[in-house]
Amino acid sequence: MSEEDFLKGKVALITGAGGGGFGREMAKAFARKGANLVINDINKEGLEQTRDIIRKEYDVEVLIVKADISDSGQVKQMVERVFEKFDNLFLLVNNAGIDGGLYTSLKAKEEIYDKVMAVNLKGAWNVTKAFFKQMRRQKHFTPIAGKIINITSCAGTPNGTNPYLGVYSASKAGLLAFTRLWALELGANNITVNAISPGVFLTPIYNNDPKLIRDFLKTRGVKIPINKIGEAKWVADVALFLASPVADYITGQNIILDGGMTISINKL
Ligand SMILES: NC(=O)c1ccc[n+]([C@@H]2O[C@H](COP(=O)([O-])OP(=O)(O)OC[C@H]3O[C@@H](n4cnc5c(N)ncnc54)[C@H](O)[C@@H]3O)[C@@H](O)[C@H]2O)c1
């Protein structure tokens, strides 16, 4: 296998791939390297759009699974669907997430707390719990049997803790903790687990509206040293790096992709 197609013969599952954001870009990036795809979301139409984009450009297989990752029953059915069609799962990207709106953590309504935690934290746990056993069995993939990438957020990191997205911030900090825990739990099985923490990116979560992002940053007095709003493709490029053999010795790490936003406490 050439470096060009390092995901050939391998299956990548991306949750939250029915939006126009990171999930779709990652699907394109992995397909470009030969991966067969499982794309998951609660948005069936969006998944069909992602599938059609992939099929037009790449000669890979794509399985759509509409499932709510916060529901362990639906996740179990997803496992069955995946292994009816494919014989491996090399790459799992826990990407699906919601912010639940703007609120400080102690003013958040209980329904918001439950929903945000259920999708962002329990959802990623449900999916990882459902698939890690198969990943562990994949000893024929050497030196690494499987890889997990969690899409967290700079809001989950100490410098980025965001009082305007209180429960979201806590949920992503929790997912960063799981990143380290799963790296410890699965390291002996040659499974790597890493996180990507994006800053502000133009995606459907921000209604694809740069003004909304700029206004949001202004209210918080936030400055980005590399003064650009991120493009979803940049997250996909980092995910592709983590998925590649070059990153086989990296585990339990978090790559903050934010143009320096979270280091800019003292602003110039
Ligand atoms: N856009 C940003 O600036 C930014 C920054 C930091 C982190 N993130 C994170 O990146 C990830 C992707 O977000 P995005 O910005 O690409 O937006 P997006 O809206 O394209 O992606 C989120 C997707 O998750 C899906 N989803 C929601 N609940 C689900 C559930 N219960 N089960 C399955 N799928 C579900 C949505 O339908 C949506 O398609 C999220 O976890 C988000 O928190 C985004």
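## I54 and helix α2

I54 is located in helix α2; helices here are DSSP runs of H or I with at least four residues, strands are runs of E with at least two, and both are numbered from the N terminus. The model is predicted: local features need pLDDT of at least 70, side-chain atom pairs count only at pLDDT 80 or more, and totals for chains, interfaces and linings use all residues. Residue numbers start from 1 along each chain as its sequence is written.

I54 has 22 other C-beta atoms within 10 Å and is therefore buried (20 or more such atoms within 10 Å count as buried, 12 or fewer as exposed, anything in between as partly exposed, with C-beta atoms placed from the backbone). Not counting residues up to four places away in sequence, I54 touches A27, K28, A31, L37, V60 and V62; a contact requires C-beta atoms, placed from the backbone, within 7 Å. R32 is 22 residues from I54 along the chain, and their C-alpha atoms are separated by 9.1 Å.

## Helix α1 and its cover

Helix α1 (residues 22–32) is largely enclosed by the rest of the structure, because nine of its 11 residues are buried. Those buried residues are F22, G23, R24, E25, M26, A27, A29, F30 and A31. Their cover includes β1 (11–15), β2, α2 (44–57), β4 (91–94), β5 and α7 (232–243). After α1 comes G34, with a positive phi near 95 degrees.

The packing of α1 on α7 has an angle of about 45 degrees, with the axes 8 Å apart; axes are lines fitted to C-alpha atoms, for helices over the stretch in contact, and angles between N-to-C directions run from 0 to 180 degrees. The two helices, α1 and α7, are therefore oblique to each other (under 35 degrees counts as roughly parallel, over 145 as roughly antiparallel, 65 to 115 as roughly perpendicular, and the rest as oblique). On the α1 side the contact involves F22, E25, M26, K28, A29 and F30, and on the α7 side A232, K233, V235, A236, D237, A239, L240 and A243. The contact of α1 with α7 has 10 nonpolar, no polar and four charged residues; Ala, Val, Leu, Ile, Met, Phe, Trp, Tyr, Cys and Pro count as nonpolar, Asp, Glu, Lys and Arg as charged, and the others, Gly among them, as polar.

## The nonpolar core

The largest nonpolar core has 72 residues, and those with the most contacts inside it are A12, F30, L37, V93 and A239. Such a core is a set of buried Ala, Val, Leu, Ile, Met, Phe, Trp, Tyr and Cys residues joined through C-beta atoms within 7 Å. Helix α4 (residues 110–137) gives the most to this core, with 10 residues. F30 is in contact with L7, A12, A35, L37, L91 and A243, leaving aside neighbours within four places in sequence.

## Helix α4 and its partners

α4 packs with helix α5 (residues 166–186) at an angle of about 15 degrees, the axes being 9 Å apart. α4 and α5 are therefore roughly parallel to each other, and α4 passes α5 in a right-handed crossing. The residues in contact include I112, Y113, V116 and M117 of α4 and V167, Y168, S171 and K172 of α5. By class, the contact of α4 with α5 has 14 nonpolar, four polar and one charged residues.

Helix α3 (residues 72–85) packs with α4 at about 35 degrees, with axes 10 Å apart, and the crossing of α3 and α4 is right-handed. S72, V75, K76 and V79 of α3 meet N126, V127, A130 and F131 of α4. The contact of α3 with α4 divides into five nonpolar, two polar and one charged residues.

## D41 in strand β2

D41 is part of strand β2 (residues 36–41). With 25 other C-beta atoms within 10 Å, D41 is buried. Residues up to four places away in sequence aside, D41 touches G16, A17, G18, G19, G46, L47, K66 and A96. The C-alpha atoms of D41 and I14 are separated by 8.7 Å, at 27 residues apart along the chain.

T142 and P143 are joined by a cis peptide bond with omega about -5 degrees; P143 lies in the loop between α4 and β5 (146–151). N190, in the loop between α5 and β6 (191–198), has a positive phi of about 60 degrees although it is not a glycine. N190 counts as partly exposed because it has 19 C-beta neighbours inside 10 Å.

Helix α6 (residues 210–219) is hardly covered, the count of buried residues among its 10 residues being zero.

Methods
Contact = placed C-beta atoms within 7 Å. Left-handed = near helix turned anticlockwise from the far one by under 90°.
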